[in-house]
Every structure is written in C-alpha cells, then in structure tokens.
Amino acid sequence: MADLSKQPSVAELDVNENAADNSDDGPNVENKEGIASVHSPAAEIPGGDGRGESSNLSESDNESSKEPWIDQQEILYQEQKEKRKKLLQQQLLDKSKVRSSYYTCSKKENIVLQYIENFNRQYMQLFPGRKDLFLCPVNEFDVKKFVCTSIRPTQLAFKELYDYRSCTKFVADYLTYEPLDPPHELPSKLPSPTYTLKIQCGNCFDYSVLLVSLLRGFGYDAYVVSGYATREITILDETKTDSESVGIPPPPSAAAAADPMVLSTPNFGDSITVTAGNTPGTASADSKLSKYKVKPARLLRSQFVISQEEKARTAAAKESEIRRAALEKEKALLIEDDDELKGLRIHAWVLVLPGKREIAEAFFIEPSTGRIYSTDNENYLGVESVFSSANYWVNMQVCYDGLKGIEFDLGDNSKWEFVLLDNTQPGSVGKKSGDKNQENASDDDDEQEEENLEILDLPPSWVDKLSITKEQFESKCPSGVKTTLYKNARVETFADYHRMDGMVSRYTFFADEAKEFYGEIRETFNNRKDKLRERIRIPYTGEVHEFFYPGRHHGLKEHIMVEGNTTEIHFFPSTRSDGLVKRIEQQDKVNRLRNEPNLSLIAEIEVSICDMRIFTPNSDLPAHEDAAKVTYFVKDEKIKVVYHLEDGRIIPSYREFKKPNADQKASNLEMPVSFEVNPYIKTPKKQHLFAQLCNLMRSEQACVQAIKNSDREVSEILQARFAEEKDISLNISVYDTIRNNTVLKIANEEENENHKNDEEESKTTDLDYLSPFLINYIVEQKPNQQNLGRAESIAVKEACLKSLKERLIEKANIIQGRLEEVTAEYQRRQLAYSRNADSMTVEETDEYVKFCNDSLFKIQILEKRLAKHKESAPERYIELDAKLKGDARLNV
C-alpha cells in the first residue's frame, strides 16, 4: 500500500462534540405528503380569501393552525403513515421471502470482509485524523456487507429511464429524503437498493446506491461519491433557491408586473379605445357635451431612439438583476459561514465519468433533487472516496477550496488509492475465462497466471435484480404526491390519475411586494375529457385563465375570467368556419376578431348603442367604394359607412344613411349625409344609393343574427364548462394496461353475452321459408307419405312466388308514394317562395334554403332506392324460383 501519511483531508479539523446537536441543522424542507415544514411570510398569497383558493393552499395556510381539529387529523394521519411504514418494513424483513444472501455471507464475502478490515486498519494507522471510510456497513438484516457488492446494475424495462436525466428525475421524485442523523457521522446501515425501492425513503447513501445501480445498468460509468457538502444540500433545503434557477419558468403575471403595459383594446379606426385611465361610461362631462373635439397632435418619435432606450432599459434591468443576485449570494455565504458544521456535514452523491454513452466530460448528479452540477461546484466541499460495483477508490488529493483542482482520473494511483487489485481502472471488468484460456496456452505465462490466481476479486452482488411494476413506475412519487418548497414558489407533483381532476403539477408562486407581484397559481392537467391543459389563477385579482388542447366543441382554445365573469375567449381559427380568433368583453362593449384571409370581415364590435363591422381593403374596388367600417346605430336608425383612405389622402370618405320606413319608395328616399374627399367624383344616383341602403340593411340583419349566435355560443360554452367542472371525467388510453384490465374484462363478458343472445335469437328465428305454404298440405298428408305430389308442389311454388311478387310490388309502391309526396311539397314551397320572395325576412329565407336542401337530398335518395329496387326485384324473383326448383320437398 502506498505511503498516505502526507495527504491531509478536510476531515482533519477538530470536531466539537457539542456541534453534533441538530438544532443548527436548519429546518427540514423535505415535505411529507405536502405538509411544508418551513413557513415563510412570503408564502401567504394575498387575495386568496373569498375566491375559492383556500382549498388549493390548505396544506400550508396559516389558517389551518387556528383549527385544532385540523391538527388532530394531521397527527392521526402521520401516525397511520408510520404504522403502514413499520408494517411494510416487517414484510420486507421476512427472511422467507428473500434470498439467503441477504442475511448470510458466503465464504468469498467473508474473505473480502477480512481483506477490507485489514485495509481499513492500515488506513487508520496512516491517517488517524481522517474520517473513517464507508466500507462495510450492515444491511437491513444487520449483516455486514462490502459497499461495492450492495450495488446491483440493473436495466429496468422502461424506455423513459434510458437517459440519465429522466432516470435521475425518477429516483429523486420516487423516494422521500431523510437527512443523516447526526449529520457529521457516516450511517451505520446501508440497506439494499431493492429495500430502498420498496420502502420509498432513504438517506443520501441510499439514494446514491440506487441511482448508480440504475445508471450502470443503462451503460453509464457511474460512481457513488462519499464526501462533504453544504447544509442546504445535506438537509435538502430549497428555501434559498429561486425557482427560476432550477428551470421553472417565472409566471407571466410577474413579468407583466416588472414591465407594466397600458391596457387597451385593438385600434379599429374610430372605434372606442379603453385605457387604464378612461373607460366607457366614465368619461368626463365635457366629452359628453361637446360634439366636436380637436384631435391631439401626433407624437413624432424616432424608432431608432425608441429602440436604443429599450436596449438601455433592458441592460439596466439585467445589471440590477445581477447585482441583486450577487447580494443574495453574499447573504447566503454569510449565513453559510454561521454553520458550525461547515465542511463536516457528510453527504453522498453520484459521479458520472466520460467514456460511455457519449459522455464528454465528468459531472455530478445530486440524487435528492435530480440536478446536474459540475465537478467543482461550490456546494460540494470535499471527497473522501468513490466506489462502484467494480472497486473502491480513496481520495489522495487535498481539498483546500472545495473541489477546485480535484481531478477524477481514478486510474492515477498517485491521486486515488484503490482497495481491490482486480479492477484498478475505472470502467474495467474482471478477466474472462477466454482470456485465461489464452494465457494457459502459453507456457511462458504460467508464473504470471499463478500470481493472478492469488489476487482477490470482488464477489458478485448479493442483491436481487431491481424491478418495479408499471403501476409503481407511473406513481412517480411516494403515495403519488411530492412537494418541494423553493424561495419564491412551491412545486407539487402528482402521479397520473392520482387526483380525480387529472392534475399532475401545481406551481404556487409567492407574492413579492417589492416587484409588485401578488402571487399566482399555475396548474397542469392530463387525461381530461374536456381537453383542459393548464389553468393559471391570480387570487389577488380573481383572474382565472384556462388553456385547452385542440379538439373541443366550438374550437375553444383559452378562457379568461375575472371575478367569475368571462372577459376573453380565444378559439382555434382553423377549426371554425367563420375564422373567429377571439371574443373580448369589456363592460358595454364586445369585440369579435377574425383571422381568415378569405374573409373581408375582420372584426365585429357590439356596443350598447350601436353595432360595428370592420373590413380589410379590397384591391378590386376603388377606395371611395370599398367600405372600411360600417356602424349600425340601432336606436337612431342610422347606418354610417366609412371608406378606406385613398392614396395621398389623410381623411377618409364617409356616408351616413337614414333608414326608411317599410312603405317608403326609392323616389322618396332622404338623401344621405356624405363627405367625399375627392370633389371630382360623380355623385351616385338615388337608385344606386337605395340599392346600397338595402344591402346595408340586409347586412345589418345578418350582423344582428351573428351577434345573437355568438351570444348563444358563449352561453353554451359556459354551460358546458360548468357541467364539466361539476362532473370531471378522465380519459384512459387504450394502451394503459393497468387501468383497462377491468374495462376489458367487462367488455369481453358483455361481448360474450351478446354473442350467446345472438346465437339463441338466430336459432329461434331460423324458420323454414316454405312453412306458411306447406302447413295446409302437411295436415292433409298421410303418415306414410314422405313428399308432396306434383300438383301440390306446383301449387306451393306458385303461391310462394306470388307472395314474393306482391311484397316487391308493395315496396316499390311505398317508395314511389314517398317520392311523390316529397316532390309535391318541394314544388308547393318553391311556388310560395317565388310569390313572396321580396317580402321574406332573412330568417324565412334561411329556413327556405334549408328546406330546399333537405328536400332535394330526400328526393335524390328516394330515386336511388327506387331504381335499385327495380333492378334487384327480378333478380330476387329468379333466385327464389331456382331455390324452389332445387328444394327436395317439392316435386317440380
């Protein structure tokens, strides 16, 4: 063994016995069943009262502490949980259900234990100031086992775990973390990874051994690292970590609070614009009295200057954010310096070396969180040893400033001391029998072979092959729920189908008054029949924003409510015939925006006093004839048309019509109020104006009908959402073999019963087609007579053919009668329409068109049925005649 006396370690610092007290360890933030053990004032989201949010925050609300019965229920729940855990431990410790290798040691294992004990004795003599090595702890049956044999490389039958990121995430979510107690001492027990996988809890060493077993099974060169880490890592304290730094996107409302924007509606020419300071119905008295207003002067600003100012603001914001992060880091370091056990807190994590599975460089994996760190990360302060299923290596390097400068080349014997001589290189395996046979073939290598036979190799793992069921894999976390508390958020993860509402994750972002952010709740759903994908709630304002997958009725995409009232509805325009994109409701105003290139209508605005329609320019018409905006004044009975701007003009032309009475003719039409930008344009005649007015009046009726249909559609959407939330149902995939077993069994049983019923019915209904015609002759037939006579057979045949002919003629008459009836009704309605076409309303016209379409469809179907019947009738007659001739009962 090499001289190790000149290699100091981080653990050479004197350990104060009084520092073993756990009072300085800080709170344990690893939650059990969603109960947070760290309460922060920022965790209280204002505005949650009275808006239905208390049910989602009941696990951490301070109101729960005021109710004694809630505390009693929680205590009872924890007691029941501990009882279930103890019962499971008793079942797992039953020796009759495991291999003998779990509670006994083979001869080879005893030899290895003696060798390891000798190695440890020499190590303690050379390094009396270093910590003990984690070599031979006892397993769950209190039997000493070498840590390398506790690792069982296994490849589970789930393709989702093939990548190290998803595999690490699974282990972090599937287990419940338990900190070491005391934190500065190695654990005395290391259970098997099969035990850890079934009990679903463990310390950092249990996590690491299980993760390394899975990673090595999937082909990664992974190792368990035994060393020292910061307090936040060892106790899994995430309360000082910002959620955005771990990959959780910030809430949109927080970004909006950081960069507030003016709330305004889209600019539709002269349409009403709603801003934060001026809303419809709250205008000043002067604006109501004055009919004419001077438009404010247009503010001319350089776009380049605006872009430069925006860049300057962005740079200043980034700089302030960097300064704030630096200050927070300094504060964290000051808090860390207050830790009396800094540098002494023992921890275990995973090291992945390059060379396999296209890994380019070494990195650390924190098994308790599933995050990836570099090998010189500041959270890890020192390394004592690393081990895998191949060998055990002791660190010979000095950890002065954390792990900076530490090399993880395990093949360098000057920096890493191996324990077993069999596999001294990382990633190597023992010699195969084929290699030994080649050595035996050479007489010159006999001596070397004898020396190799004396080398002690590692015995096989005493652990069974790891396995979990598909149901356990889909549970993702203990009892289907796992909660993590961060500095500014709380993350809750749920297994699929664990909750009745299909929720799989919930992010609760805490309020931050300094940023004018008052909290947000973001919920994600899966397998919902109503296609609900995500829901964002802002308790402070009472806003609820729902997102849906494609495939819903009406093409619903988003639904926004404030205080229970719908304000916006977004649609998938590709799934709608009208190309509707969204509908915006603002007090006495409703906007409907469209995004359909084939339609000239792009918006409909409904106000309490008028309706408005906005159109895109039409290149086939001149600007003074191409309407840009049409406003229907319902109370004043006026229609105003504003045209598109002409080239080189700054003011559009417009024309305002006064709707005539029902009996007023074109000659008595009141001239419209108009303004033409181009004075050389010829004034249209009264006939043309009257025709334009008629078109506008029909368009007004269509607009009113579209508004009614839109209101009806919104009412249907709201009723459907209310019914869906009242009775939530989830979809079960046809590939889900776990939950579809019972469904398939029931379906198979019902199918078998249906088949039996069909067979019985077919037997009962399988009657003789000649029985109605033979009954008279069978009664008169003599007992010894087997067949009918010729005359009787001819009579039966003619009667049977006559019956078929009558039925065929009757069916043809029925089809012909129905055809004549539908044709007569169609001709009657067509004649009535030709007489009253001018006086019919839009609703009556639509009804007539619908009737014509239905009638023509029926006529077409009946004609085809009649033609097909005429073609098949002779064939059926000939077929029956041939069947009768071949019947053995008839003598024809």
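Predicted model: local features only at pLDDT ≥ 70, side-chain atom pairs only at ≥ 80, totals over all residues.
**View 1. Helices α3 and α5 pack against each other.**
Helix α3 covers residues 164-174, and helix α5 covers residues 204-217. Two packed helices are described by the angle between their axes and the distance between the axes. For α3 and α5 the angle is about 150 degrees, and the axes lie 10 Å apart. Angles over 145 degrees count as roughly antiparallel, so α3 and α5 are roughly antiparallel to each other. The crossing of α3 with α5 is right-handed. On the α3 side, the contact is made by Tyr 164, Cys 167, Thr 168, Val 171 and Ala 172. On the α5 side, Tyr 207, Leu 210, Leu 211, Leu 214 and Leu 215 take part. Of the residues in this contact, 9 are nonpolar, 1 is polar and none is charged.

**View 2. Helices α16 and α17 cross at roughly 170 degrees.**
Helix α16 runs over residues 790-836 and helix α17 over residues 842-886. Their axes come within 10 Å. The crossing angle makes α16 roughly antiparallel to α17. The contact of α16 with α17 contains 21 nonpolar, 5 polar and 13 charged residues.

**View 3. Glu 358 sits in a loop between two strands.**
The strands on either side of this loop are β4 (346-353) and β5 (363-366). Is Glu 358 buried or exposed? Glu 358 has a relative accessibility of 80%, and exposed means over 50%, so Glu 358 counts as exposed. Tyr 220 is 138 residues away from Glu 358 along the chain. The C-alpha atoms of Glu 358 and Tyr 220 are separated by 9.2 Å.

Definitions and conventions. Residues numbered from 1 in each chain as written. Heavy atoms only, no water. Helix = DSSP H or I, 4+ residues; strand = E, 2+ residues; numbered from the N terminus. Buried < 20%, exposed > 50% of the residue type's maximum accessible area, 1.4 Å probe, protein only. Axes fitted to C-alpha atoms, helices over the stretch in contact; angles between N-to-C directions. Parallel < 35°, antiparallel > 145°, perpendicular 65-115°, else oblique. Left-handed = near helix turned anticlockwise from the far one by under 90°. Contact = heavy atoms within 4.5 Å. Nonpolar A, V, L, I, M, F, W, Y, C, P; charged D, E, K, R; others polar.
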